[in-house]
Amino acid sequence: MNNKELTAVMAQRMGCSVKEVAEWMAAFGTVMSARLMDNDTISLAGLGQFEVRKKEERVSVNPTNGKRYLVPPKLVPVFKPGSTLKNRLKAQGEAEHE
């Protein structure tokens with residue numbers, strides 16, 4: 001599902017225009033990005049948690065020429081699904097295998 005499809009489904013469920021939902025989603029993304037850039041954790045009930053983690057520096061090897069180089073540390077966004085989401089996916093997976 002891409003952004004356009006998600007926006008259309010959300011608009012239908014909320015009884016709003018696609019334009020309103022697109023504006024809401026843009027604002028949501030802006031707020032989430034800003035909070036993550038401030039190193040805050042964002043918890044959404046029923047979905048999970050978004051947070052920023054630091055990846056330590058590491059040595060990597062170029063497979064083509066065998067040269068080793070240092071990859072600097074960086075911050076990366078991480079999503080941890082909540083128990084509600086995990087349980088729903090588990091139940092759906094079990095139902096598909098029956």
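Biologist: What makes strand S3 and strand S4 a pair?

Modeller: Bridges do. This is a predicted model, and in it four bridges join S3 (residues 58–61) to S4 (residues 68–71). Pairing needs at least two bridges. Four bridges are found, so S3 and S4 count as paired. The two strands run antiparallel.

Biologist: Which residue of S4 does Arg58 stand opposite?

Modeller: Arg58 stands opposite Val71.

Biologist: What do S3 and S4 form, and how many residues lie between them?

Modeller: They form a hairpin, with six residues between the strands. Gly66 sits in the turn and has a positive phi of about 75 degrees.

Biologist: Why is Ser60 called buried?

Modeller: Ser60 lies in strand S3. Its relative accessibility is 15%. Buried means under 20%. The value falls under that cut-off, so Ser60 counts as buried.

Biologist: Which residues does Ser60 touch?

Modeller: Leaving out residues up to four places away in sequence, Ser60 touches Lys67, Arg68, Tyr69 and Val71. Contact here means heavy atoms within 4.5 Å.

Biologist: What is the order of the strands in the open sheet?

Modeller: The order is S1-S2-S5, three strands with antiparallel pairing.

Biologist: Why are S1 and S5 said to stand at the edges?

Modeller: Strand S1 (42–44) and strand S5 (74–81) each have a single partner strand. One side of each is therefore left without a neighbour in the sheet. From one strand to the next, the twist averages 25 degrees.

Biologist: How do you know that S2 and S5 pair?

Modeller: Count the bridges again. Eight of them join S2 (residues 48–55) to S5. The requirement is at least two, so S2 and S5 count as a pair. They run antiparallel. Within this pair, Arg53 stands opposite Val76 in S5.

Biologist: Now the helices. Why are H1 and H2 called roughly perpendicular?

Modeller: The axes of H1 (residues 3–14) and H2 (residues 18–37) come within 8 Å. They cross at roughly 115 degrees. Angles of 65 to 115 degrees count as roughly perpendicular. H1 and H2 are therefore given that name.

Biologist: Is the crossing left-handed or right-handed?

Modeller: The crossing of H1 and H2 is right-handed.

Biologist: Which residues make the contact?

Modeller: H1 gives Asn3, Leu6, Thr7, Ala8, Met10, Ala11 and Met14. H2 gives Val18, Val21, Ala22 and Met25.

Biologist: How many of the contact residues are nonpolar, polar or charged?

Modeller: Nine are nonpolar, two are polar and none is charged.

Technical notes
Residues are numbered from 1 along each chain as its sequence is written. This is a predicted model: local features need pLDDT of at least 70, side-chain atom pairs count only at pLDDT 80 or more; totals for chains, interfaces and linings use all residues. Side-chain values use heavy atoms; hydrogens and water are left out. Axes are lines fitted to C-alpha atoms, for helices over the stretch in contact, and angles run from 0 to 180 degrees between N-to-C directions. Angles under 35 degrees count as roughly parallel, over 145 as roughly antiparallel, 65 to 115 as roughly perpendicular and the rest as oblique. A crossing is left-handed if the near helix is turned anticlockwise from the far one by less than a right angle, and right-handed if clockwise. Ala, Val, Leu, Ile, Met, Phe, Trp, Tyr, Cys and Pro count as nonpolar, Asp, Glu, Lys and Arg as charged, and the others, Gly among them, as polar. Buried means under 20% relative accessible area, exposed over 50%, partly exposed in between (1.4 Å probe, protein chains only).
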